[in-house]
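Hi,

Here is the structure I promised to pass on. Please open it first, then read my notes below.

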Amino acid sequence: GRGGAASTLTCMSRAPVKRRTRSRARILESVETVLESGVRYADVPVERILTSANVSRSTFYQWFDDKGDLIENAAEPFFTAFWAVSDTWWMRTQPLGPDDIADIITRMFELGRKHGPVWRAFLETVDVDSRLRAEFDGFLKVYTAKMAERLRRDQQEGLAPADMDPEQTARFITVTTRGSLLDLINAPEEFDAQFAEALADGFWAAMYGTLPGPEEPADQSNSIATDSDDGVA
C-alpha cells in the first residue's frame, strides 16, 4: 500500500546516513585504538587509521578535513566532560571548600587517565597545527577570563584577599592544571589523590589566603558560598 511504500522510501533514505554515522564512529574508535599502542599521533599515517576503521579515504574526508580535525573531534568527549567537572567549582551555587577542590581535581585526573592517549595527541597537534592552536588558545583565554571574573566577585564579597590578582591567579591555575594533566603520563596513579590534595591546597592559598591550621576551626574563609544565580555565564 501507499503507507508501506512511504515507509520503505524513508528507510532507504535513512540507510546511507546510518552507514556514514557508523563509519564516523569507527574512525574515531580506531584513533583511540591506534594511540593506545603508544605511538605518536604525528607518526600515524591516515592509511593506518583507515585500515583500522575499515573505511575508504573518501569516507574519511566526508567527515574530517584532516588529521587535526580528526583529533579535535576525538578529544571532544574528554573536553566536554572536563569542563563540566571544572564548572562545578567556577559556577558553584553552594558552599565549597578545599576538600571539594581536591575532589574536583581527582575527577579531572580520572578523565585525564581515561582519555590520556587522545589528550596527549591533541596537545601534540596543537603545537604544529596553527588553526587548532588558535582555537584552543582562544578557548583557554575565554575560560581563564571566566575564572578571573569569579575571583573578582569573591573579592568584592570579601571572601578573597584584596591583594589577590584575579587574572594572574586564574592563569596560574590554568597553566598548573594543564601541566599536571601532562605529568600523569609518567606519574603513578596511586598518588593521584595525594597530588590532587596538594594542588587543592596550593590553589586555595592562591585564591583565598592561608589555610587554617589543624587545630583551628574552619570559618567562612574556608568555605566559599554564593547565591544560586551567581553562575558565570
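Predicted model: local features only at pLDDT ≥ 70, side-chain atom pairs only at ≥ 80, totals over all residues.

Overall fold. The chain has 9 helices and 0 strands. Of the 233 residues, 41% are buried. Take the contacts between residues at least 6 apart in sequence: 72% of them join residues at least 24 apart. The accessible surface is about 13,100 Å², and carbon and sulfur atoms account for 52% of that.

Largest pocket. Its volume is about 200 Å³. Two elements, α4 (67-90) and α7 (130-156), each give two or more residues to the lining. The top contributor is α4, with 5 residues. Which residues form the lining? They are Glu 72, Asn 73, Glu 76, Phe 79, Trp 83, Phe 122, Leu 132, Glu 135, Phe 136 and Phe 139. By class, that is 6 nonpolar, 1 polar and 3 charged residues.

Loop residue. Look at Asn 54, in the loop between α2 (46-53) and α3 (57-63). Its phi is positive, about 60 degrees, yet it is not a glycine. Most residues other than glycine have a negative phi. Is Asn 54 buried or exposed? Asn 54 counts as exposed, because its relative accessibility is 64% and the cut-off for exposed is over 50%.

Best wishes

Note on methods
Residues numbered from 1 in each chain as written. Heavy atoms only, no water. Helix = DSSP H or I, 4+ residues; strand = E, 2+ residues; numbered from the N terminus. Buried < 20%, exposed > 50% of the residue type's maximum accessible area, 1.4 Å probe, protein only. Contact = heavy atoms within 4.5 Å. Areas by Shrake-Rupley, 256 points an atom, 1.4 Å probe, with all protein chains shown as cover. 1 Å grid on protein atoms, 1.4 Å probe; cavity = no way out; pocket = protein on both sides within 12 Å on 5 of 7 lines; lining within 4 Å. Points joined across faces, edges and corners; volume = space filled by probe spheres on them. Nonpolar A, V, L, I, M, F, W, Y, C, P; charged D, E, K, R; others polar.
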